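Here's a quick briefing to read with the model open beside you.

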Amino acid sequence: MRRLLLVTAAASLAAVGVASSQDATMSFFVTSVGSGKGADLGGLAGADAHCGSLAEAAGVTGKTWRAYLSTSDTDARDRIGKGPWFNAKGVKIADDVASLHSDANAITKQTALDEKGEVVNGRGDKPNRHDVLTGSKPDGTKIADQTCGDWTLSGAEGAAMTGHHDRTGLDDSAAAKSWNSSHASRGGCSQEALRSTGGDGLFYCFAVN
């Protein structure tokens, strides 16, 4: 009997070891709120800090967060670690950077949740908030002059490339269905300009560890 208990205990410890080898706690989310100043996020440092603050408020601590944003000298794909990444419900979004930027990723309206595990409004909802700031091409590299002054502008100047977290747009084109490179903002980088095309200054956050 004692031997059986020892074997059972050893098996249980082994199972725990397997489960902990891949951390399925939240490592990806769409911000529930933006900066409130349009695409002025305080640069990359401000955007990263916003990711960290939202995650900690949601109870996820001990992780280093990076905003999925490109700038004039930085590619978003190089900022976010190696993966894998999971949403607040434990659903895997992608295994690695390559799969994230391929058809293998699992980003949809139902999986691109905010840090609280809630669905973010998409096309057809009121208000529509599916335009997510990225400043990036489909492969995650930067697009010149579409980063709202490297995320420091909030007026009528500049433009920001956005993606659709719900993978839905005006048509069935690849751009309309792109999570990270659908269309540029129109009318500048202000909160009003972003909202006019279905956005709210939201962006993606990824844990690098």
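The protein chain has five helices and eight strands, where helices (H or I, at least four residues) and strands (E, at least two) are DSSP runs numbered from the N terminus. Along the sequence they come in the order α-β-α-β-β-β-α-β-α-β-β-α-β. Keep in mind that this is a predicted model: local features need pLDDT of at least 70, side-chain atom pairs count only at pLDDT 80 or more, and totals for chains, interfaces and linings use all residues. Residues are numbered from 1 along each chain as its sequence is written, and side-chain values use heavy atoms, with hydrogens and water left out.

**Overall numbers**

- Of the 209 residues in the protein chain, 49% are buried; buried means under 20% relative accessible area, exposed over 50%, and partly exposed in between (1.4 Å probe, protein chains only).
- If you look at contacts (heavy atoms within 4.5 Å) with a separation of 6 or more, 68% of them are between residues 24 or more positions apart.
- The accessible surface of the protein chain is about 9900 Å², and carbon and sulfur atoms hold 53% of that; the areas come from the Shrake-Rupley method with a 1.4 Å probe, and for residues only the protein chains shown count as cover.

**Aromatic rings**

- There are eight aromatic pairs, meaning rings of Phe, Tyr and Trp (its six-membered ring) with centres within 6.5 Å; planes under 30 degrees apart count as stacked, over 60 as edge-to-face and the rest as tilted.
- One of these pairs is Tyr68 with Phe206, which is tilted, at 5.8 Å centre to centre and 45 degrees between the planes.
- That pair links distant parts of the chain, since Tyr68 sits in the loop between strand E2 (65-67) and strand E3 (85-86), while Phe206 is in strand E8 (residues 199-207), 138 residues apart.
- Both partners are buried: Tyr68 has a relative accessible area of 0%, and Phe206 also comes out at 0%.
- Ring pairs also link Phe28, Tyr68, Trp85, Trp179, Tyr204 and Phe206 into a cluster.

**Disulfides**

- The structure holds two disulfides, a disulfide being a pair of cysteine sulfur atoms within 2.5 Å.
- Cys51 and Cys205 make up one of them, with sulfur atoms 2.0 Å apart, and the link is left-handed, with -80 degrees about the S-S bond.
- Cys51 lies in helix H2 (residues 43-57) and Cys205 in strand E8, so this pair ties together parts that are 154 residues apart in sequence.
- Cys51 and Cys205 are buried.
- Cys148 and Cys189 form a disulfide too, again with sulfur atoms 2.0 Å apart.
- Here the torsion about the S-S bond is about -95 degrees, so the Cys148 and Cys189 disulfide is left-handed.
- This pair links distant parts of the chain, with Cys148 in helix H4 (residues 148-151) and Cys189 in the loop between strand E7 (183-184) and helix H5 (191-196), 41 residues apart.
- Cys148 counts as buried at 1% relative accessibility, and Cys189 is buried at 0%.
- Counting bonded cysteines along the chain, the disulfide pattern is 1-4, 2-3.

**Ser70**

- Ser70 lies in the loop between E2 and E3 and is buried, with a relative accessible area of 0%.
- Leaving out residues up to four places away in sequence, Ser70 touches several residues, among them Asp75, Thr134, Ser136, Lys142 and Trp151.
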